Amino acid sequence: MRQHTRQTIKRNFFAALMLAPFIPVVMALGTGGYLFWNHAQQGVLDRLTLLSTHYASLLDRYMDDCLGDMALIGAGLTLNTQSPDLREILERLTDKRKEVVDVALVDASGAVHAYAGPSVYKGTHVEPGRWLDEALERGSSISGVVAGQMGLPHYVMAKRFSHSEETFVLRMSLDPEAFTRMLMGVRDDGVDVFLINRKGEVIAGSGGQILTRERELIDPVFLSRIGTAFWDPTSNAAYSSRVMRNAGWILAARKHSPTLFRATDSAFLFLGLSVLGGGIIVLLSSLYLTGFVEKMLQQRDDEREKLREQLYRAGRLAELGEMAAGFAHEINNPLQIMKSDQAYIEMLLQDFRERAGEDGEFLGDVNEMGTSINQIKVQIDRCARITHSILSFGRAGNAEAQNIDLAKFVPEVLTMIKKKIQLSNISMRVNFPSARLVVNVDSARLQQVLLNLLNNAIYAIGEVAGTRPGEIELSCAAESPGKVRISIRDNGLGIAEDQQHLIFTPFFTTKPAGSGTGLGLSVCHGIVDSMKGVLDFTSVKGQGSTFFLILPRVSSSST
């Protein structure tokens, strides 16, 4: 019946694992496909936005660098009655930037004080323009690309500075091909990048454009959507643009549809392969999990049988304990009779000694009988102590708390197990402080806990017998003003780290089958907890364990 139930659970579980994943998958594929398509488009637009922002920032940093160089040059110029020689400055600039064409120093009226550049530019060709007004007003200026006097395109960068309460402007002409080379060097595959001035002219482009009008680009970009990313169905391309900080130019990025959806097609192929691979994984996972569940069910059945057997054994042991208490009670009665007869025999021996008088042989026989009677008395007292301990250990009823002096109580407990310790060839050490330690607990229950811990220590040492001398150390000390600590340390086998969290679990034992019920430490933990104390331990596998009790202490003034 149980086997049939496990097979039914196995089949149902396998069917659920196989069918359940496909229901949400089918629903998610339609929604996911639509969302993925929109996400792919938005991803391309976000990518273009990042690219246009990055390119604009790159060109702005380039212009900032140029203006910074001009500011340093202006600060280092020495102006006197003669015009400064700018040829050395031009050489330094061209060494750093090949695109620099010429350099000129102009005053506020537009008069040229110094010039360095190609010989064909000698004379008064540096004419004031918008760049001069902007530089005087704002401190710097960057003009758009112009044809120049010789028909060569260039753009002008100007920087204002003061000298001896006079205002001058340092002017520098640059070849716009520099921007073209920069855009061609940084563009991504399939992305066109353009730099547009305020008039709508393409100053530079990644396709090599310089000062041209490309309406295919300009029209979509300037449809009131500057600074945004969008899809233009007319040109079948995606666009993104950013306004630059320095010159007010616009940097635009464009990506055509063939490259736009190439990644999307690959993504759908990947999605199809993923669904196929996911189905295979679901099948294999279902087989594995089904087998795992079947194994767990088998383990639970085995554990249930073990638990039932342990409960049966625990009941038998409880019955045996009750029988042992009854045996001890019955044995105690003849012991009392024997003790009375022993006292009577001692009285007779005393009478025999008086009758013997000077008869040495008779007196020797009487003394020999006295020695035997003394040995009988010792053994009767020993049996009485054993039966008394058994009765105290198995006594039923409510706990009767009383003040217990540990210095007197612990040695009494040790007498019950002293013989076993000696037979196991174990060295026993007991440490007590000079101060009196008193606890208010039930003596029988505390005795039960200590005996259980001592027996466990003896067993743990027996597991490593022959490798090192066995040692047990029992210590009592004041843990704090209101606490007492009782420690039992052994150098036995120790407890594995992965088993330590199970030590106080009912029916868990590290002993082999038939050697323990797994109830001892669990019961002891409950007893100590009822005493408002703590039972805990530390252990290292192969080195030994230390179990300790922390109990409330009774102050000396209360005893």
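Which residues does glutamine 499 touch, not counting residues up to four places away in sequence? Select glutamine 499 and show its surroundings: the residues it touches are Phe508 and Thr510, leaving out those up to four places away in sequence, where contact means heavy atoms within 4.5 Å.

Before moving on, a word on the model. It is predicted, so local features need pLDDT of at least 70 and side-chain atom pairs count only at pLDDT 80 or more, while totals for chains, interfaces and linings use all residues. Residues are numbered from 1 along each chain as its sequence is written, and side-chain values use heavy atoms, with hydrogens and water left out.

**Stop 1: the loop around glutamine 499**

Glutamine 499 sits in the loop between S16 and helix H12 (520–530); helices (H or I, at least four residues) and strands (E, at least two) are DSSP runs, numbered from the N terminus. Its relative accessible area is 28%, so glutamine 499 is partly exposed; buried means under 20%, exposed over 50%, and partly exposed in between (1.4 Å probe, protein chains only).

**Stop 2: a hairpin and its neighbor**

Next, select 470–480 and 483–490. These are strands S15 and S16, antiparallel and joined by eight bridges; two strands pair if DSSP finds at least two bridges between them. Two residues separate S15 and S16 in this hairpin. Click on alanine 478 and you will find valine 484 as its bridge partner in S16.

**Stop 3: a five-strand sheet**

Move on to the open sheet, whose five strands follow the order S2-S1-S5-S4-S3 with antiparallel pairing. Its edge strands, each pairing on one side only, are S2 (112–116) and S3 (140–142). Select S3 with S4 (residues 155–163) to see three bridges joining these antiparallel strands. In that pair, serine 141 stands opposite alanine 158 in S4.

**Stop 4: a surface patch**

Finally, show the surface and color Tyr344, Ile345, Met347 and Leu348. Together they form a nonpolar patch with about 390 Å² of accessible area. Areas come from the Shrake-Rupley method with a 1.4 Å probe, and for residues only the protein chains shown count as cover. Isoleucine 345 belongs to helix H8 (residues 262–356) and counts as partly exposed because its relative accessibility is 32%.

How values were computed:
Patches are made of residues with over 30% relative accessible area and no salt bridge: like charges are joined within 9 Å, nonpolar side chains (Val, Leu, Ile, Met, Phe, Trp, Tyr) within 5 Å. A salt bridge is a side-chain nitrogen of Lys or Arg within 4 Å of a carboxyl oxygen of Asp or Glu.
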